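Welcome, and thanks for taking a look. Please open the sequence and the model side by side before reading on.

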Amino acid sequence: MQTYTTQMDAARKGIITPEMEIVAKKEYRTTEEIHQWVAEGKVAIPANKHHTCLNPEGVGSMLRTKINVNLGVSRDCKDYNIEMQKVMSAVNMGAEAIMDLSSHGNTQPFRQKLTHECPVMIGTVPVYDSVIHYQRDLAELTAQDFIDVVRLHAEDGVDFVTLHCGITRKTIEQIRKHKRKMNIVSRGGSLVFAWMSMTGNENPFYEHFDEICEICAEHDVTISLGDACRPGCLADATDVCQIEELVRLGELTKRAWAHNVQVMVEGPGHVPLNQVAANMEVQKSICMGAPFYVLGPLVTDIAPGYDHITAAIGGAVAAASGAAFLCYVTPAEHLALPNVDDVKQGIVASKIAAHAADIAKGIPHARDIDDKMGDARRVLDWDAQFACALDPETAKAIRDARLPEDDHSDTCSMCGKFCAVRSMNKALAGEYIDIL
């Protein structure tokens, strides 16, 4: 019989859970290390008790960098079958989490399908679902309505919820006073801001935070503290609004931990490359090492259509500097709801950033696959190279479309007999090196 509520509660009681054992094995860490980090809040294992098909993962800067894939329907793109194609693609490509950000229709069946069938972590943003669930406009909703939707998502098996708790009535005056170039670009943050502006009430996620923590403790839901004031352009990066909210998120982290509720803290956003590492250090200090979950960061504002690349550049630096969780960005960012191919490109870019950071941080065994690739390339073993590739299908398709001639079929069509690897292998073996 379970004698604990959450993973953090178990860790603080000296209990090593099955989830901790699985994470320790995956991360090449001892169960004692994982147990200690969970107890301290430096590692979160989002694992709702009702998500019984979950293959748990740990999120923390000392573990492999994890990636999240956003998907979900909108009023203009409402085919849940396509969303399930994206889910399967994401799982097959190694994403560790999926966030359902649906903003149209009856969202519960899709959410329940995810938590009943999908083995990766599932996250949601309950404030999106509030208007849809009650079919009432934003200003007509009460604080209790928002809290009840958090409870509904917890009961449905969601592993983590993004809650924009750090934006308050004070923020309204800050936004007006400081005149940011992009104001608030967080969808959830803007909804909470709009609700406060229309009703004159305090942010319900802040005002009733302890009640929400009790709900999350009951079901073991991790709170992902959303950054409503994340910068939406380089000009707004690391400004008063962003940092003041981060300070409040640090305070809320302590309050959640007092309920034995696990916490992740969300971060920017659009940030100049030279400010990325500093942002990570500030968060680690203010939020006591709680796992940092970042969107990108995007290091330039001028690359619509290529923002998976701008995010991967920022994401690699962020993760190497302490971010634990990267939210992928697709080529469709700022332009449209991503399609299946956009999702794949976003995942690949984010996985590259995460893996590069893990190597830089010296995560145990992170470089093993790179060393295997080096061995395969040295002997021109193409099948072994494809086996090591992050996306074997694409790598093989490119080679097969431009195969070399038969008399140098062990090389590729770039260099042919000028191949440095081929020449070196022959030279070191004492063989004649034919070039023409």
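This is a predicted model: local features need pLDDT of at least 70, side-chain atom pairs count only at pLDDT 80 or more; totals for chains, interfaces and linings use all residues.

Residues are numbered from 1 along each chain as its sequence is written, and side-chain values use heavy atoms, with hydrogens and water left out.

**The nonpolar core**

- The largest nonpolar core has 112 residues; such a core is a set of buried Ala, Val, Leu, Ile, Met, Phe, Trp, Tyr and Cys residues joined through side-chain atoms within 4.5 Å. Buried means under 20% relative accessible area, exposed means over 50%, and partly exposed is in between (1.4 Å probe, protein chains only).
- Ile-34, Phe-205, Ile-223, Leu-225 and Val-265 have the most contacts inside this core.
- With seven residues, helix α15 (residues 340-361) gives the most to this core. Helices (H or I, at least four residues) and strands (E, at least two) are DSSP runs, numbered from the N terminus.
- Which residues does Leu-225 contact, leaving aside neighbours within four places in sequence? They are Leu-163, Cys-165, Phe-209, Leu-249, Leu-252, Thr-253, Val-263, Met-264, Val-265 and Glu-266, where contact means heavy atoms within 4.5 Å.
- As background, nonpolar side chains in soluble globular proteins tend to be buried together.

- In helix α2 (residues 18-27), the buried residues are Met-20, Val-23, Ala-24 and Glu-27. Seen down the axis of α2, they fall within an arc of 100 degrees, so they line one face of the helix. The arc is that of the directions from the helix axis to the C-beta atoms.
- An α-helix has 3.6 residues a turn, so residues three or four places apart point the same way.
- α1 (7-12), α3 (31-40) and β1 pack against the buried residues of α2.
- Helix α5 (residues 108-117) has Phe-110, Arg-111, Leu-114 and Thr-115 as its buried residues. Their arc around the axis covers only 130 degrees, which puts them on the same side of α5.
- The cover over the buried residues of α5 includes β1 (66-71), α4 (80-92), β2 (97-100), β3 (121-124), α6 (126-134) and α7 (143-155).

**Cavities**

- On a 1 Å grid over the protein atoms alone, a cavity is a set of points where a 1.4 Å probe fits but cannot get out, and lining residues have an atom within 4 Å of a point.
- The largest cavity is lined by Asp-227, Cys-229, Arg-230, Gln-242, Glu-245, Leu-246, Leu-249, Glu-266, Gly-267, Pro-268 and Phe-292.
- α12 (240-258) and β6 (263-267) each supply at least two residues of this lining, with α12 giving the most, four residues.
- The lining has five nonpolar, two polar and four charged residues. Ala, Val, Leu, Ile, Met, Phe, Trp, Tyr, Cys and Pro count as nonpolar, Asp, Glu, Lys and Arg as charged, and the others, Gly among them, as polar.

**Backbone features**

- The peptide bond from Pro-268 to Gly-269 is cis, with omega near 25 degrees, and Gly-269 sits in the loop between β6 and α13 (273-286).
- Gly-296 and Pro-297 are also joined by a cis peptide bond, with omega about -10 degrees; Pro-297 is in the loop between β7 (292-295) and α14 (307-320).
- Asp-220 has a positive phi near 55 degrees, lies in the loop between α11 (209-219) and β5 (222-225), and is buried at 2% relative accessible area.
- Leu-380 has a positive phi near 55 degrees in the loop between α16 (368-378) and α17 (382-388), and counts as buried at 13% relative accessibility.

**Two partly exposed residues**

- Met-182, in the loop between α8 (169-178) and α9 (187-199), is partly exposed at 38%. Not counting residues up to four places away in sequence, Met-182 touches Gly-232, Cys-233 and Asp-236.
- Asp-434, in the segment after α19 (420-428), is partly exposed at 23%. Not counting residues up to four places away in sequence, Asp-434 touches Lys-417, Arg-422 and Lys-426.

Conventions: On a 1 Å grid over the protein atoms alone, a cavity is a set of points where a 1.4 Å probe fits but cannot get out, and a pocket is an open set with protein on both sides within 12 Å along at least five of seven lines; lining residues have an atom within 4 Å of a point.
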